[in-house]
Amino acid sequence: MAKKNKVCRNCKRFTIEKACPICKSNNMSVTWKGIVFILNTEGEVARKLNINEEGKYALYVE
Ligand SMILES: [Zn+2]
């Protein structure tokens with residue numbers, strides 16, 4: 001079985017680790033909606049979501 005993806009509540013980054021690789025928070029959620037891949041942090045989506053690292057993010061985290 002695949003490991004359950006968790007999402008950091010702080011920065012919405014996906015991870016399978018216990019702590020967020022970006023902000024080091026351990027405030028994780030398994031309830032999320034929507035996936036966005038940020039390939040360019042200068043792009044409109046990244047700016048709207050306030051994302052400074054490329055990677056996989058959730059649009060909504062509960
Ligand atoms: Zn984070």
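Modeller: Leaving aside neighbours within four places in sequence, E62 is in contact with S29, T31 and W32, two residues being in contact if their C-beta atoms, placed from the backbone, lie within 7 Å. This is a predicted model, in which local features need pLDDT of at least 70 and side-chain atom pairs count only at pLDDT 80 or more, while totals for chains, interfaces and linings use all residues. Residues are numbered from 1 along each chain as its sequence is written.

E62 belongs to the segment after strand 5, where helices (H or I, at least four residues) and strands (E, at least two) are DSSP runs numbered from the N terminus. With 10 other C-beta atoms within 10 Å, E62 is exposed; a residue is called buried if 20 or more other C-beta atoms lie within 10 Å of its own, exposed if 12 or fewer, and partly exposed in between, with C-beta atoms placed from the backbone. Its C-alpha atom is separated by 19 Å from that of F37, a residue 25 positions away along the chain.

Not counting residues up to four places away in sequence, V61 touches V7, R9, K12, S29 and W32. V61 and K6 are 55 residues apart in sequence, yet their C-alpha atoms are 9.8 Å apart in space.

V61 is also part of the largest nonpolar core, a group of seven residues made up of V7, C8, C11, C20, Y57, A58 and V61. Such a core is a set of buried Ala, Val, Leu, Ile, Met, Phe, Trp, Tyr and Cys residues joined through C-beta atoms within 7 Å. Strand 1 (6–8) and strand 5 (55–61) each supply at least two residues of this core, and the largest share, three residues, comes from strand 5. In soluble globular proteins, nonpolar side chains tend to be buried together. Y57, another member of the core, touches K12, R13, F14, V36, I38, L49 and I51, again without residues up to four places away in sequence.

Strand 5 pairs with strand 4 in the antiparallel sense over six bridges, and two strands are said to pair if DSSP finds at least two bridges between them. Within this pairing, I38 stands opposite G55 in strand 5. Strand 4 (residues 32–38) is hardly covered, since the count of buried residues among its seven residues is zero.

Three strands form an open sheet in the order 2-1-3, with antiparallel pairing. Strand 2 (14–15) and strand 3 stand at the edges, each with a single partner strand, so one side of each is left without a neighbour in the sheet. Strand 1 and strand 3 pair in the antiparallel sense over two bridges, and the core residue C8 has M28 in strand 3 as its bridge partner.

Two loop residues deserve a note on backbone geometry. K24, in the loop between strand 2 and strand 3, has a positive phi of about 65 degrees although it is not a glycine, and with 9 C-beta neighbours inside 10 Å it counts as exposed. N50, in the loop between helix 1 and strand 5, likewise has a positive phi of about 65 degrees without being a glycine, and it is exposed, with 8 other C-beta atoms within 10 Å. Most residues other than glycine have a negative phi.

For the chain as a whole, there are one helix and five strands, running β-β-β-β-α-β from the N terminus on. The radius of gyration is 11 Å, close to the 11 Å that the globule rule gives for 62 residues, so the chain is as compact as a globular protein of that length; the radius is taken over C-alpha atoms, and the rule is 2.2 Å times the number of residues to the power 0.38. Buried residues make up 16% of the 62 residues. As to confidence, the mean pLDDT (the predictor's confidence in each residue, from 0 to 100) is 91, and 95% of the residues reach 70 or more.
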